[in-house]
Amino acid sequence: MRTTPRGVFVALALTPLLAGCFVSGEQGTGRDGGSGGRIRVALARPPVQALSPYSDDATLLGKLSAVEGLTALDKNGAAAPALATSWKQVNPTTWTFELRKATFQDGTKVTAESVVNALDHADAATPKPRVLSDVTLTAKADDADTVTISTKAADPVLPLRLASPVLAILSSKAYAKDGTASAIGTGTGPFKVTKLTGKSKATLERYDGYWGGKAKASGIDVTWIADGTARASALRSGDVDIAEWIPTSQAKLLEAKTRHEVPSVRTDSLILNTGNGIFTDPALRAAAREAVDGSALVDSIFGGYADPAQGLFGPAVSWAADKRVEVTGRAKAATPAQVRSRTKGKVLRLAVPTNRAELPEAATVLQQRLEKAGFTVKQDVREYTQMEAGLLAGKYDALMMSRVVLLDTGDAVAYLASDYKSGGVYNIARLKDPEVDRAINAAAEEGDVTERQQKIMAAEAQILRTDAAVPLVHEKVVQGIATDVEGVLLDPRERSLIDVDTHLK
């Protein structure tokens, strides 16, 4: 058994919450002469909090198949069995989940009590995980193998939410008295984290007690290489087997058979701080929106590995285009003279993360356009984790953001709620708009798939009306994979990379 499908992930429509499972194959052999060999991976974004599941590190843990939740997402974005074999909705706010027989990587059994313990800790975490920004969970054990989960308000997509690696089920040993959690050796996935060396390296060994059968690879050796050119070079030189997020400037330097282009649900936007600073003025936000032009970045910066932005959701979100709602009611943009007068010499503080090589280059282009529109711009170019606290605290006026919009749950509502709803835990735009809140709430309460999608697009239009976010491009991700590696997961949601079937030939 396994929780994630092999091959290329394709359709991303919000589909009915179907159950399914997948079968793993036989073991292989590899470089070290042992069963499967070890896979060497170069990842771009280093750990933020020592592989805490309550940070962005949860995505790393998911990519490496070190942790699992009650559910997983299948290739169509539907909920599939993981630690839960099945589930049913008792009423609009209550669901029951039946657990499979499984063990944690420390040898203890997965029980209903351990699931309740894990979900209780996630719900109590500070800051609250993004995936829980718009819902409060209450879990209880009915018996050893059955868990009931209730929400204060109806949550039609709870099984999708539970697939988030942030809600991974860890053994009791993972949780400290201070509320922190560690996934090192406490997950249930086919690979067990055994060593973490700061923000540079990690070692994972195959967990032979995995309920879905032994992984084909004997282990994973992870190196974090922030510089995209260096990641590409490591693949070309044979130092790694997989290099994620190859910069577009390096993509064509790779052999064609090692270059894999993946349609992505990643949107790059200019996020404007509406809560304090110069962009509390809607006319100045409108001026910034009119000044920047994402289409000019597609070829010049992204080398064609991007599409001009259509909105918050791009072509990889297959249902979005046909349901897009016209944006109306935007503020009138200030002229350059008005911008200079209204800013009164204040500097536009632009945060530019270095995690994706294209962002600093794109920011330079945007700076020129913003200055032509009357702004005085100063960039702060650093690794994202060094800026996140300041961004959430409103210390910047704008951010060049590259965001996987279906990362947290596979459902767009969770993204909208965390990023743009008043009080959202990832509301870097510091947006507080009643119409936006109402639109997001309406989408969250809708259980019908088609109607939910339509309400999501209505919420998108309300957000774009405020100019809190100025979408620029929809990226195409390039993954570098050596020719002697099989079974790498090419996932538009960027949640999966290696699973039980990934191996060296």
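Visitor: How do the residues of the lining of the largest cavity divide into nonpolar, polar and charged?

Guide: Happy to take you there, keeping in mind that this is a predicted model. The lining of the largest cavity is made up of 13 nonpolar, 3 polar and 10 charged residues. In total 26 residues line the largest cavity, and R45, D56, W245, R266 and S402 are the closest to its centre. Two elements, α1 and β16 (398-404), each give two or more residues to this lining. The largest share comes from β16, with 6 residues.

Now let us turn to the open spaces. The largest pocket has a volume of about 380 Å³. It is lined by 24 residues, and Y54, S55, D56, R130 and E388 lie closest to its centre. At least two lining residues of the largest pocket come from α1 (57-63), and at least two from α11 (388-392). By class, this pocket's lining has 13 nonpolar, 5 polar and 6 charged residues.

The second largest pocket has a volume of about 230 Å³. Among its 14 lining residues, D134, A153, A154, A444 and E445 are the closest to the centre. Helix α13 (residues 434-445) provides the largest share of that lining, 3 residues. Here the classes come to 5 nonpolar, 2 polar and 7 charged.

Conventions. Residues numbered from 1 in each chain as written. Predicted model: local features only at pLDDT ≥ 70, side-chain atom pairs only at ≥ 80, totals over all residues. Heavy atoms only, no water. 1 Å grid on protein atoms, 1.4 Å probe; cavity = no way out; pocket = protein on both sides within 12 Å on 5 of 7 lines; lining within 4 Å. Points joined across faces, edges and corners; volume = space filled by probe spheres on them. Helix = DSSP H or I, 4+ residues; strand = E, 2+ residues; numbered from the N terminus. Nonpolar A, V, L, I, M, F, W, Y, C, P; charged D, E, K, R; others polar.
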